[in-house]
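Hello,

Please find the structure we talked about below. My notes on it follow.

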Amino acid sequence: MANYSYIGYAPGVISVSFTGFSTGTITLSGSYDPDTDRRVFDVEDAAGGTLVNGDPDNGTDFNGDRFNNEVGDDLTQNGVVTNLDGSVTFDSGAIYLEESYSLTNPSGGTIDVFRVEVEGNLVGYITSEPLTPGTAYSFVRSNVTPDNAPDTTDPGAIVDVPCFAAGTMIATPEGDKPIETLAKGDLVLTADLGPQPIRWIGARSLTGAELAAAPRLRPITIRAGALGAGLPLRDLKVSPQHRMLVRSTIAVRMFNAQEVLIPANKLVGVPGITVDDSANGVTYYHMLFDRHEIITAEGAPSESLFTGPEALKSVGAKARAEIIELFPELGLPGHAPGSARHIPTKGKQASHMVRRHLKNDQPLIDRI
C-alpha cells in the first residue's frame, strides 16, 4: 500500500481560461491567502493489479483519467482532501488527476499544474512549484499518464516555511543563544559576512492535535553527530522543509558545487535523522536577513529564511506584508533572490544524493 500527500491550491483561487482546444492561461488569484486557500491531498493506493488500460499498477504513480470519462485510470487510488491542519474534510473517494497543464514560466523553464478531481468533482490543483498571484501563465494542456504524472516520492509542491524549533541554539557574536530569545536587530554569525542583524523573525506554533492531524508538519530530529564531522554538536530539530548544508565530494560530483542545501525531510533515513513522531506540539521560528545566509544551529551549518516564492507564499498574509515592506523588491514580478548555496531544483536529485551517501557510507559533512 502506497501513501503520499501533496499540498496544493484550493479550486476557487485558480482560474483556467482557454484560448484554444489545448491552450490558454492559468492565473492564481491576487487575493490568494496561503493560510486558507491551500488544500492537502492525502492519497492511498493499493499496489498490484492493472490500470483500466491494462498497464500494471505499481502503486507509486498518482494516476490520471486519460480517457476523460470521469473514471480514474487506477481503481484502487483513493484520497481525502482537507485544509492544512486536517480539521476540515472537503471531499473523499476515488481521486485522480483529470488533466495537466504545462505552463510557461516567465522566469524560465516550465511549471507543471495538475487538476485534481474526486469522482468527477474538482477539488484543487497541485503544481511543481508555487505560482505568483496575479500572473497569467500561458499553458498547453495534456492528459495525465504515468509518464508525465507528478513524482509521488517528492510531494513538495507549495511547501511550508523552513524554520528551526524552539530551543535551537543559534551562534551569535556573544555566544550561542536560544532562537526564541532573539529579536529583530540582534546580530547572528553568518558563514559569509560575519555578524549580521536580523531584519525580521517570525514564529508558528502547532499543538499536538494539529501535528497528529497533519503529520507532514512534524519536526525532523537530527541527532548529535548525524551529519558527520561531529555535527550537530547537540540534537537539532527543524521543520521538514528546512535546508541543511551538505559538504562532501559526492555533492561536488553531482552538482559541481562544494556545498549544497538539502531539505531535512530528504535526509530522513540517514542514521540519526528521523521524523519526531513523539512531538506533542512544536513552535517553529524563522529568521530573515538582508540576504539568504548560512548560519550555525547547534554547531551545524544551515540556512536562514530564503525569500523565494515558496516562503513568501507560505507565510500568512500579515507576515508577507511585513516582509515586502522591508524588501519591496520581493513584490516585483520576476524578482529572483539569490541563494547562499546551490539548491537542487528537483527533489529526485536530492534524494539520489542522499542514497549515494548511504550506499558509500559517506557523511553528509566530510570536513569542517
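Leaving aside neighbours within four places in sequence, Glu 293 is in contact (heavy atoms within 4.5 Å) with Thr 190, Asp 192, Leu 193, Gln 196, Ser 302, Glu 303, Ser 304 and Ala 340. This is a predicted model, where local features need pLDDT of at least 70 and side-chain atom pairs count only at pLDDT 80 or more, while totals for chains, interfaces and linings use all residues. Residues are numbered from 1 along each chain as its sequence is written, and side-chain values use heavy atoms, with hydrogens and water left out.

Glu 293 sits in the loop between strand E21 (281-288) and strand E22 (294-297); strands are DSSP runs of E with at least two residues, helices runs of H or I with at least four, both numbered from the N terminus. Is Glu 293 buried or exposed? Its relative accessible area is 1%, so Glu 293 is buried (under 20% relative accessible area; exposed is over 50%, partly exposed in between; 1.4 Å probe, protein chains only).

As for the whole protein chain, it has 6 helices and 23 strands. Of its 368 residues, 48% are buried. Among contacts between residues at least 6 apart in sequence, 65% join residues at least 24 apart.

Regards
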